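This report examines how the parts of one protein chain are held against each other. Please consult the sequence and the structure while reading.

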Amino acid sequence: MALLMISNLNPDTTEDQVKEFLGRYGFPAYDEFELQEGDGTRPAVTLTFHAVDEAALQHFVPRIHDVFWNGHRINALVLRERFN
């Protein structure tokens, strides 16, 4: 299982847009989508991939990290599970 956080999103970004964006860059399908609103100006999403490990997901991150998308330069980061 692996977790991906994509931050600095446009506040109007939808889950369908995220799914389409990741598909364009060859990402595997995620299993869970969780919106992290923060103060609402630069929300983030946390995506859970049950069938993908951290190393495999890390391979995809450079494809989208620091990409200008939907009016914002996004950040992508594979999160580590603290309780393995």
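## Basis of the report

The model is predicted, and local features are described where pLDDT is at least 70. Side-chain atom pairs are counted only at pLDDT 80 or more.

## Helix 1 and its buried face

The buried residues of helix 1 (15-24) are Val18, Phe21 and Leu22. Viewed down the helix axis, these buried residues fall within an arc of 95°, so they line one face of the helix. An α-helix has 3.6 residues a turn, so residues three or four places apart point the same way. The cover over the buried residues of helix 1 includes strand 1 (2-7), strand 2, strand 3 (44-49) and strand 4 (68-69).

Glu20 is partly exposed, at 44% relative accessibility.

## The loop after helix 1

Just after helix 1, Gly26 adopts a positive phi of about 80°. Tyr25 belongs to the loop that joins helix 1 to strand 2 (32-36). Is Tyr25 buried or partly exposed? With a relative accessible area of 27%, Tyr25 is partly exposed, because the buried class requires a value under 20%.

Apart from its neighbours within four places in sequence, Tyr25 is in contact with Phe60, Arg63, Ile64 and Val67. Tyr25 also forms one aromatic cluster with Phe21 and Trp69. The C-alpha atoms of Tyr25 and Ser7 are separated by 17 Å, and these two residues are 18 apart along the chain.

## The nonpolar core

The largest nonpolar core comprises 22 residues, of which Leu4, Ile6, Leu22, Leu47, Leu57 and Ile64 touch the most other members. Two or more residues of this core come from each of strand 1, helix 1, strand 3, helix 2 (54-60) and strand 6 (75-79).

Which residues does Ile64 contact, leaving aside its neighbours within four places in sequence? They are Ile6, Phe21, Leu22, Tyr25, Phe27, Ile74 and Ala76. Two of these, Ile6 and Leu22, are named with Ile64 among the core residues that touch the most other members.

## Aromatic pairs

The model contains five aromatic pairs. In one of them, Phe27 and Phe60 are tilted, at 5.2 Å centre to centre with 40° between the planes. Phe27 lies in the loop between helix 1 and strand 2, and Phe60 in helix 2, so the pair ties together parts that are 33 residues apart in sequence. Phe27 is buried, at a relative accessible area of 8%, and Phe60 also counts as buried, at 15%.

The ring centres of Tyr30 and Phe49 are 6.3 Å apart and their planes stand at 80°, so this pair is edge-to-face. Tyr30 is in the loop between helix 1 and strand 2 and Phe49 is in strand 3, so the pair joins parts that are 19 residues apart in sequence. Tyr30 is buried at 13% relative accessibility, and Phe49 is buried at 0%.

## Strand 6 and its partner

Strand 1 and strand 6 pair in the antiparallel sense over five bridges. Within this pairing, Ile6 stands opposite Ala76 in strand 6. Ala76 and Val78 make up the covered face of strand 6, whereas Asn75, Leu77 and Leu79 make up the uncovered one. In a regular strand the side chains alternate between the two faces of the sheet.

Glu54 counts as buried, at 18% relative accessibility, whereas Arg80 is exposed, at 68%.

Asp66 and Arg73 form another salt bridge, at 4.0 Å, N to O. Asp66 is partly exposed at 41% relative accessibility, and Arg73 is partly exposed at 43%.

Note on methods: Residues numbered from 1 in each chain as written. Heavy atoms only, no water. Helix = DSSP H or I, 4+ residues; strand = E, 2+ residues; numbered from the N terminus. Buried < 20%, exposed > 50% of the residue type's maximum accessible area, 1.4 Å probe, protein only. Contact = heavy atoms within 4.5 Å. Arc of directions from axis to C-beta. Core = buried A, V, L, I, M, F, W, Y, C linked by side-chain atoms within 4.5 Å. Phe/Tyr/Trp six-rings, centres within 6.5 Å; stacked < 30°, edge-to-face > 60°. Pairing = 2+ DSSP bridges. Salt bridge = Lys/Arg side-chain N within 4 Å of Asp/Glu carboxyl O.
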